Amino acid sequence: MTHQPSPQLSLYYAPVSCALVPLILLTEAKAKFEIIKINNYVHQNLTPEYLQINPKGKVPVLAINDEILTENIAIQLWIAQQFPQANLLPKDPYLQIKAISWMSWCSSAIHPHLTPINKPQRYCDLPGSEENVKQLSTSLLFKDFQIAEDHLKNRQWFFDDFTTVDAYFFWCFRRAVLFDLDLSIFPNCQQHFERMSQRDSTKKVIDYEFSVIQEFKS
Ligand SMILES: N[C@@H](CCC(=O)N[C@@H](CS)C(=O)NCC(=O)O)C(=O)O
C-alpha cells in the first residue's frame, strides 16, 4: 500500500466572516493547516494580490497544495471527505444529500439576507433607502430562521449528531447576534447557538477571532 502524504492546507480567513465555518471544521478534524489572515477592514480581499488567488474577492479560500478551492460548501465537503474520522457529515448517503441541501440553503438564502443588513449601501443608492433595505432583509432573514426554529424543535443538532450544517448555521445565526437583532422569538436557534458556543472547537476559533480583530484594529 502506498502512503499518500497529507496535503498542505492553507485557509484564507478574515475575522467575523464565513471563513469561521471551515476554521471550525478543520479544528474539529484536528487537521494540520496554516491560516492566512486577510484584513477585511482594509479590503485586503480586493487587492490585486488576493484577486489573483480568488478573483471573486471573497473568503474563505482553501489552498490544497497548489490547488485553490473557493465556495464555502465545496470547502466544507472537501474537509468532511478528507477527514472522515471527524464525522462532519451524516454516514447515510441520503442524509449526506440532505446535509448538502441545508448547506445550500445557508449559502443561497441566509447568507444573501445577512449581507444587506451589514452593507445596505451595496444594494441601494437612493438617499435614505438604507434603513429600508435593512428592514426588508431582516424580515427575509427571520423567515429563514423560522425554518431552522421549527426544525430544531426537540433537536440538539440539524441531524442526530453534530455535522458541518451546525457549524454553518451557527455562523449565520451568530452574524445576526452580532447585528444586535432581537432574536428572542427563536429560542430553539438560540439554544443551538449556545450548544455550538460550548464546543471546544468553537471556543478556540472565537478566541482566535478576537485576537485577529485586536491585531487588525490596533
Ligand atoms: N459564495 C461565497 C460567499 C463568500 C462570501 O460572501 N464571503 C464574504 C465574507 S462572509 C466576503 O468575503 N466578503 C467580502 C466582500 O464581499 O467584499 C461562499 O460561499 O464562499
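I began with the classes of residue in the shell around the ligand: 4 are nonpolar, 5 polar and 3 charged. I noted at once that this is a predicted model.

Next I listed the names. The residues around the ligand include Ser-17, Cys-18, Gly-57, Lys-58, Pro-60 and Glu-71. Also among them are His-111, Arg-122 and Trp-171.

I took the side chain of Asn-45 to start. One of its N or O atoms is 3.0 Å from an oxygen atom of the ligand. For Val-59 I turned to the backbone. There, an N or O atom lies 2.8 Å from a nitrogen atom of the ligand. Asn-72 also uses its backbone: an N or O atom lies 2.9 Å from an oxygen atom of the ligand.

Then I checked the cover. On its own, the ligand has 520 Å² of accessible area, and the protein covers 81% of that. I looked up the pockets as well. The largest pocket is the space that the ligand takes.

The chain is divided into domain 1 (9–86 + 202–217) and domain 2 (93–199). Their C-alpha centres lie 20 Å apart. In domain 1, 17 residues are in contact with 19 residues of domain 2.

Where does the ligand lie relative to domain 1 and domain 2? Both domains give residues to its shell, so I wrote down that the ligand lies between them.

Methods
Residues are numbered from 1 along each chain as its sequence is written. This is a predicted model: local features need pLDDT of at least 70, side-chain atom pairs count only at pLDDT 80 or more; totals for chains, interfaces and linings use all residues. Side-chain values use heavy atoms; hydrogens and water are left out. A residue is near a molecule or strand if one of its heavy atoms lies within 4 Å of it. A polar contact is a pair of N or O atoms within 3.5 Å; within protein, one must be able to donate a hydrogen and the other to accept it, and residues adjacent in sequence count only if both atoms are side-chain atoms. Accessible areas come from the Shrake-Rupley method with a 1.4 Å probe; for residues, only the protein chains shown count as cover. On a 1 Å grid over the protein atoms alone, a cavity is a set of points where a 1.4 Å probe fits but cannot get out, and a pocket is an open set with protein on both sides within 12 Å along at least five of seven lines; lining residues have an atom within 4 Å of a point. A molecule sits in a cavity or pocket if more than half of its atoms lie within 2 Å of its grid points. Ala, Val, Leu, Ile, Met, Phe, Trp, Tyr, Cys and Pro count as nonpolar, Asp, Glu, Lys and Arg as charged, and the others, Gly among them, as polar. Domain bounds come from an automatic or database domain assignment. Contact means heavy atoms within 4.5 Å.
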